[in-house]
Amino acid sequence: MDLSRDEPDPRFTLANERTFLTWLSTSLALSAGGVAMAAVSADVFVPWMRTVLALTLVSLSALCAAMAYPRWR
């Protein structure tokens, strides 16, 4: 019996791990963008627009982080 056929190819495992890490890094970047948007002065955006943009970016960050695991599997 050939055991090498029962195990997945290491290239696929590493590719899946890179995909998982890419989703997490994208999530981190979106989160940083949301925090930066919340820290922008009131002169640049009206306060309600700044809040909406910050919440949108942080929500997309959470969604991206939540989708990382299913995409990895």
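Colleague: Which handedness does the crossing of helix 1 and helix 2 have?

Modeller: The crossing is left-handed, a term used when the near helix is turned anticlockwise from the far one by less than a right angle, with right-handed for clockwise. Keep in mind that this is a predicted model, where local features need pLDDT of at least 70, side-chain atom pairs count only at pLDDT 80 or more, and totals for chains, interfaces and linings use all residues. Residues are numbered from 1 along each chain as its sequence is written, and side-chain values use heavy atoms, with hydrogens and water left out.

Colleague: At what angle do the axes of helix 1 and helix 2 cross?

Modeller: Roughly 170 degrees, and the axes come within 8 Å. Helix 1 is residues 10–39 and helix 2 is residues 47–72. The axes are lines fitted to C-alpha atoms, for helices over the stretch in contact, and angles run from 0 to 180 degrees between N-to-C directions. Helices here are DSSP runs (H or I, at least four residues), strands likewise (E, at least two), numbered from the N terminus.

Colleague: Are helix 1 and helix 2 roughly parallel or roughly antiparallel?

Modeller: Roughly antiparallel. The cut-offs are under 35 degrees for roughly parallel, over 145 for roughly antiparallel, 65 to 115 for roughly perpendicular, and oblique for the rest.

Colleague: Switching to annotation. Which residues does the UniProt "transmembrane region" cover?

Modeller: The unreviewed UniProt entry gives residues 20–42 and 48–69. UniProt positions are in the numbering used here, feature names are shortened, and annotations may be inferred rather than shown by experiment.

Colleague: And what does the model have over residues 20–42 and 48–69?

Modeller: Residues 20–42 are 87% helix and 0% strand, with the end C-alpha atoms 36 Å apart. Residues 48–69 are 100% helix and 0% strand, and their end C-alpha atoms are 33 Å apart.

Colleague: Where does UniProt put the DUF202 domain?

Modeller: At residues 11–73, again from an unreviewed entry. In the model that span is 87% helix and 0% strand, and its end C-alpha atoms are 15 Å apart.

Colleague: Single residues now. Is S27 buried or exposed?

Modeller: S27, in helix 1, is buried, with 7% relative accessibility. Buried means under 20% relative accessible area, exposed over 50%, and partly exposed in between (1.4 Å probe, protein chains only).

Colleague: What is S27 in contact with?

Modeller: Leaving aside neighbours within four places in sequence, S27 is in contact with S61, C64 and A65. Contact means heavy atoms within 4.5 Å.

Colleague: What about F20, which residues is F20 in contact with?

Modeller: With the same exclusion of neighbours within four places in sequence, F20 is in contact with A68, Y69 and W72. F20 is in helix 1 and is partly exposed at 23% relative accessible area. F20 and A68 are 48 residues apart in sequence and 5.4 Å apart in space, C-alpha to C-alpha.

Colleague: Which residues does L53 touch, by the contact criterion?

Modeller: M37 and F45, leaving aside neighbours within four places in sequence. L53 lies in helix 2 and is partly exposed, at 32% relative accessibility.

Colleague: How far is V52 from M37 in space?

Modeller: 9.5 Å, C-alpha to C-alpha, at 15 residues apart in sequence. V52 is in helix 2 and counts as partly exposed, with 45% relative accessibility.
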